[in-house]
Amino acid sequence: MALPADKPLYTFADSLTWKENEHIEIINGEAFLMASPSSTHQEISMEISRQLANYLEGKQCRVYPAPFDVRLFEKDGDLPQDVDTVVEPDISVVCDKNKIDNRGCKGAPDLIVEILSPSSLRNDRLVKLRLYQKAGVREYWIADPENKTIQVFLMDENGIYQPHEDYCRTDVAKVNVLEGCFIELKKVFPE
């Protein structure tokens, strides 16, 4: 849901003044209020995050579950008022520690996982897919709690997402940007 247009464009500087418990994303200067996630959504997020964190223990990459601000297009030298896109993916994996600061991630994570909810279907499948592609996120997962599936998109050599794999709850999903990392989906989508 878009917020009332109190001002023509919002930036990261505005988000720094909002209450901590307000989950608002800014996409190209337009602010969107995010609904609180369901318990099922949170269980899926926790399980995927747990499996990723276990795999990444002692490694360079880190997993960051929401709430975690990702400033996809911020460049060195940008001020908060210069940044017009700040998203809060359900799960982000970042392998370049130079992208991490006290405010979140500056630039594209290596992997983003979004968990569908009734209010986010269009946004996650269309808007965010294009946004993450443009930013250079190498791997994008869309988890569907209703159908208990994961759809994986990988970036090709031309910077375009290609559908790579569709997994169901009985599968073991391969994380392509993390060599040797697999997610057991029967634990993500229990019966």
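Predicted model: local features only at pLDDT ≥ 70, side-chain atom pairs only at ≥ 80, totals over all residues.
Hi everyone, this short talk walks through the cysteines and the aromatic rings of one structure.

Residues are numbered from 1 along each chain as its sequence is written, and side-chain values use heavy atoms, with hydrogens and water left out.

Let's start with the cysteines. How many disulfides does the structure hold? There is 1, where a disulfide is a pair of cysteine sulfur atoms within 2.5 Å. Its partners are Cys 61 and Cys 95, with sulfur atoms 1.9 Å apart. The link is right-handed, with 105° about the S-S bond. It joins distant parts of the chain, 34 residues apart: Cys 61 sits in the loop between helix H2 (39-56) and strand E3 (62-65), and Cys 95 in the loop between strand E5 (91-94) and strand E6 (100-101). Helices (H or I, at least four residues) and strands (E, at least two) are DSSP runs, numbered from the N terminus.

Are these two buried or exposed? Cys 61 is buried at 11% relative accessibility, and Cys 95 is buried at 14%. For us, buried means under 20% relative accessible area, exposed over 50%, and partly exposed in between, using a 1.4 Å probe and protein chains only.

What about Cys 168? Cys 168 is in no disulfide, and the nearest cysteine sulfur, that of Cys 181, is 18 Å away. Cys 168 is partly exposed at 32%. Cys 181 is buried at 1%, and its sulfur is 9.6 Å from the closest cysteine sulfur, in Cys 61, which is too far for a bond.

Now the rings. The whole structure has 6 aromatic pairs. Rings of Phe, Tyr and Trp (its six-membered ring) pair if their centres lie within 6.5 Å; planes under 30 degrees apart are stacked, over 60 edge-to-face, and the rest tilted.

Take Tyr 140 and Tyr 161: their centres are 6.2 Å apart and their planes at 25°, so the pair is stacked. Tyr 140 is in strand E9 (residues 139-144) and Tyr 161 in strand E11 (residues 161-168), so parts 21 residues apart in sequence are tied together. Both are buried, Tyr 140 at 0% and Tyr 161 at 6%. Tyr 161 also pairs with Phe 153, at 6.3 Å and 50°, so that pair is tilted. Ring pairs link Tyr 132, Tyr 140, Phe 153 and Tyr 161 into a cluster.
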